[in-house]
Amino acid sequence: MKSLYGDNSNPQSSWSKTYKSTSSNGGHHNFAVVRTTKGKPRRYNGAYMNSNAFNPSVGPMQFSSTRMHFQIGNEFIHVGWTAGGHECYNLLCPDGSGMILVSQDLIPGRLTKHMDLNFAIIKDRDNGNWWLLMGTGYLWEHIGFWPARRFKESFGTRIEWGGEVYSPSPPSPPMGCPIGTVPILRVTKDALLKKKSIDGDNSKPQSSWSKTYKPTSSIDNHNFAVVRTTKGKPKSYNGASMNINTFTPSVGPMQFSASRMHFQIGNEFIQVGWIVHPQLYHDFNSRLFVFTNAGGHECYNLFSPDGSGMILVSQDFTPGLLAEQKSIDFAIMKDKINGNWWLLMGTSWEEIGFWPSSRFKESSGTRVEWGGEVYSPSPPNPPMGNSHYPKGSPIVDSYVRLITIVDENYNTDKTVKNTERYSDSCYKVRDATETFWSHVGHLIIYGGPGCK
């Protein structure tokens, strides 16, 4: 630790590099950040961020980090931080300037086992101490604090969020997700036990067709409000797409509420969309998800030890991330050359991942449905979508819009007229193949407050 203080490797702020051209960070530190402006002085009593975690490759004398930098006058807290004229990482502060740990579950320096983490630095209203909070969803844990007396100033003055790297000499190390790699979830023993408990019950995503045409099926605890292709003359589909808006309906610890596109491939299927699923994610946030039913196996996201899940290729997306966008584009498309099934996302249709064609018994999609699905092991059932019945406007309603299907000849159908509605008594859905609303295409609005 002492050797660190003898060089220039301690974390810095990007302001020093911007406004102090002769500062001691001397080009060894590099940044990619968003920060509060340096104009009119402001005072801050706290700040928050949610950050995903990666493992970039660095040299023995380098570092690469993602952090929130909270400036307090000429001192700062990092998550690795500086205060009171002394600098220290974590709890390695023989001069007593570091954070006082109160948590029994988290100690700075441990490996992160999460794909994304919530951090907050908040000033205590009563005594002015600065607290580090961490957690998931709405569950914040007090990790430790810095006594107010350790800082010369009593308010935060600037904040920045983003990446910082250090190298004593070129080349500089990577920042964030390294080129040629993808984010991979670290699977813990607790997560495996949790997955096993989910696999052992009836909470896995389903289609509304099973409930319609198999009244004695085991999905009585699932409820739907969807628009789906009709079951009449068999058709083959090479793809489908949608744009959905996101919400965070309130669910119980053993329930889920989702908005998704269900793409049926014979007796197997793929689902994509957003879901609030505390049993899966250990929080009550809305998160992006993928569910695969193929080859006799079922799995969420990339959590597929049997190899049945999607193969991730994107550096920017991984299933399980917070669904923070107001609306999201999803498409499932079959590759013309090799028959693999691709998940595409975003307005530019970025390739996120794929399922090899060999994982499915059939080579074409057979049915598609769009809309909401909820699950509860017992009444009452949770809300769906925006937690209200549709009012008739995509401005306020939970919606699926711009739905398309791609036929066996790879022709795209934006009207999708071969559809029917299905909903349970607690939820409602409207199918608007023609509407005066612009930029919505074939529009589906759905939702409901749940029922007892």
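Modeller: Happy to! Keep in mind that this is a predicted model. Let us start with the strand pairs.

Colleague: What does Thr-229 stand opposite in β25?

Modeller: Thr-229 stands opposite Thr-419. Its strand, β12 (residues 222-229), runs antiparallel to β25.

Colleague: How do you know that β12 and β25 pair?

Modeller: Two strands pair if there are at least two bridges between them. Here 5 bridges join β12 to β25, so the pair passes that cut-off.

Colleague: Which open sheet do these strands belong to?

Modeller: Its order is β17-β16-β15-β14-β22-β12-β25, which makes 7 strands with antiparallel pairing. From one strand to the next, the twist averages 15°.

Colleague: What makes β17 and β25 the edge strands?

Modeller: Each of them pairs on one side only. You can find β17 at 297-300 and β25 at 419-423.

Colleague: Which strands does β3 pair with?

Modeller: One is β11 (residues 158-166), joined to β3 by 9 bridges; there Ser-65 faces Glu-164. Another is β4 (residues 75-77), joined by 3 bridges, with Phe-76 as the bridge partner of Gln-71. Both pairings are antiparallel, and each count meets the requirement of at least two bridges.

Colleague: What lies between β3 and β4 in their hairpin?

Modeller: There are 2 residues between the strands, and Gly-73 in this hairpin takes a positive phi near 70°.

Colleague: Now a single residue. Why is Glu-373 called buried?

Modeller: Its relative accessibility is 0%, and the cut-off is under 20%, so Glu-373 counts as buried. You will find Glu-373 in β22 (residues 367-375).

Colleague: What makes the meeting of Glu-373 and His-222 a polar contact?

Modeller: Their side chains come together at 2.9 Å, and the limit for a pair of N or O atoms is within 3.5 Å. The side chain of Glu-373 also reaches the backbone nitrogen of Gln-206 at 2.9 Å. Among the other residues that Glu-373 touches are Phe-224, Phe-256, Arg-260 and Met-384.

Colleague: How many disulfides are there?

Modeller: The search of the whole structure finds 1. It joins Cys-426 to Cys-451.

Colleague: Why is that pair called a disulfide?

Modeller: The distance from S to S is 1.6 Å, and two cysteine sulfur atoms must be within 2.5 Å. The pair therefore qualifies. The torsion about the S-S bond is about 75°, so the disulfide is right-handed.

Colleague: Which parts of the chain does the pair link?

Modeller: Distant ones: Cys-426 sits in the loop between β25 and β26 (428-432), while Cys-451 is in the segment after β27 (443-447), 25 residues apart.

Colleague: Is Cys-426 buried or exposed?

Modeller: Its relative accessible area is 9%, and buried requires under 20%, so Cys-426 is buried. Cys-299 is buried too, at 2%.

Colleague: Last one: which residues touch the most other members of the largest nonpolar core?

Modeller: They are Phe-330, Leu-343 and Trp-370, in a core of 43 residues. Another core, of 18 residues, lies apart from it and includes Met-68, Ile-121, Trp-146 and Phe-151.

How values were computed: Residues are numbered from 1 along each chain as its sequence is written. This is a predicted model: local features need pLDDT of at least 70, side-chain atom pairs count only at pLDDT 80 or more; totals for chains, interfaces and linings use all residues. Side-chain values use heavy atoms; hydrogens and water are left out. Helices (H or I, at least four residues) and strands (E, at least two) are DSSP runs, numbered from the N terminus. Axes are lines fitted to C-alpha atoms, for helices over the stretch in contact, and angles run from 0 to 180 degrees between N-to-C directions. A nonpolar core is a set of buried Ala, Val, Leu, Ile, Met, Phe, Trp, Tyr and Cys residues joined through side-chain atoms within 4.5 Å. Buried means under 20% relative accessible area, exposed over 50%, partly exposed in between (1.4 Å probe, protein chains only). A polar contact is a pair of N or O atoms within 3.5 Å; within protein, one must be able to donate a hydrogen and the other to accept it, and residues adjacent in sequence count only if both atoms are side-chain atoms. Contact means heavy atoms within 4.5 Å. Lists of a residue's contacts leave out its neighbours within four places in sequence.
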